[in-house]
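Here is a short tour of one structure, with an eye on its helices and charged pairs. Have the coordinates open as you read.

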Amino acid sequence: MKNEQNLSPVEGVHVGERIIPVPTSISQEAQTMLRAAVQYDGTPLNALYPIPAPNDRAAWRQLQSAAEAHYAAALNAATNETSTEIETRRLGTATVHVVLPESPRLKDCVFIDLHGGALVFGGGDACRESARLQANRLGMTCYGIDYRMPPDHPYPAALDDCMAVYRHVIDHYGADRVVLGGRSAGGNLALATILRARDEGLRFPAGVVLLSPELDLTESGDSFQTNRTIDVVLPNPLMSNNLLYAGGADLTHPYLSPLFGEMSAAFPPIFLQSGTRDLFLSNAVRLHRKLRRVGAPVELHVFEAMPHGGFSGSPEDMELAAEVTRFVTECLPELAR
């Protein structure tokens, strides 16, 4: 027998090779999506694409172009049902797509949409179509911020753009008629905007929507290990993206990793969403606890087996969209409804 007393302990749980099945506890549409997202041997298709090193600027630009075309095509398919009026403006250094829905449900109010894309992707046409989608779903004017991104514009360019648009919108509409929202990387920028608005003495918006937010660029949470590869949309860490975005700045700074910022009971109502297979699940769980500890208004929605970004149009995604619409409506003044 081996003398186990002389062996160094393993600092964790050993998990042997195994297959994580597609669960029957979710809709058929969601099951289909999970099956389609892996190749014959179970490897997530998104795990097959190499990520450039942080200093390979040419490779990042090439990857950006390919990703933005893919994002725009997918979003365009989801937004072509309703006609909208779109105007692209410049506010200082920021580009913003202002979308007016055909039949507005919430009058004289604005939803500021911060697109996802790992802090490097999702701009251009994809950003515009994302804003169109939000305007149609929410029935209100949407400002989609096409914020500057690396490799040409590292931190704090994106946050500076968000702040410029946020100041403009609250000055013209009033903070109580503005809701700020972001998905993934956009969730990072949304919460960073709240922290910086507080530091600069600006009023908070009426509410904040954070969908699978990328709040910890150090990737220290438990789900970065437990959901690695299991998240078929985001199977691998994004540290190369994070270092590129930070441009040498400290990843623990609250404007880069807003999860590490000081929370306050004075924060506006916050809507948090994630899924049990989301690589970023720990981000939402940890923020929820921090906000609860200080008495801030927050609600957390975690969906069964959902990977990062959802199931691409399943009933679960429609349920989430309905919850977001309900939350946004409740945040805004009754006179706007």
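This is a predicted model, in which local features need pLDDT of at least 70, side-chain atom pairs count only at pLDDT 80 or more, and totals for chains, interfaces and linings use all residues. Residues are numbered from 1 along each chain as its sequence is written, and side-chain values use heavy atoms, with hydrogens and water left out.

**Helix α4**

Let's begin with α4, which covers residues 157-173. Helices here are DSSP runs of H or I with at least four residues, strands are runs of E with at least two, and both are numbered from the N terminus. The end C-alpha atoms of α4 are 24 Å apart, which agrees with the 24 Å that its 17 residues should span at 1.5 Å a residue; the expected span is 1.5 Å times one less than the number of residues. Buried residues in α4 include A157, L159, C162, Y166 and I170. Buried means under 20% relative accessible area, exposed means over 50%, and partly exposed lies in between, using a 1.4 Å probe and protein chains only. After α4 comes G174, with a positive phi near 95 degrees.

**Salt bridges**

The whole structure holds 16 salt bridges, each being a side-chain nitrogen of Lys or Arg within 4 Å of a carboxyl oxygen of Asp or Glu.

D152 sits in the loop between β4 (141-146) and α4, while R57 belongs to helix α2 (residues 57-79), so their pairing ties together parts that are 95 residues apart in sequence. D152 is partly exposed at 42% relative accessibility, and R57 is partly exposed at 40%.

E129 and R132 are 3 residues apart in helix α3 (residues 125-138), or about one helical turn. Both E129 and R132 are buried.

The bridge between D160 in helix α4 and R196 in helix α5 (residues 185-199) links distant parts of the chain, 36 residues apart. D160 is partly exposed, with a relative accessible area of 27%, whereas R196 counts as buried at 13%. Salt bridges with shared partners also join D125, R128, E129 and R132 into one network.

**A buried asparagine**

Finally, which residues does N241 touch, leaving aside those up to four places away in sequence? They are I51, W60, A118, V120 and F121, where contact means heavy atoms within 4.5 Å. N241 lies in helix α7 (residues 239-246) and is buried, at 2% relative accessibility.
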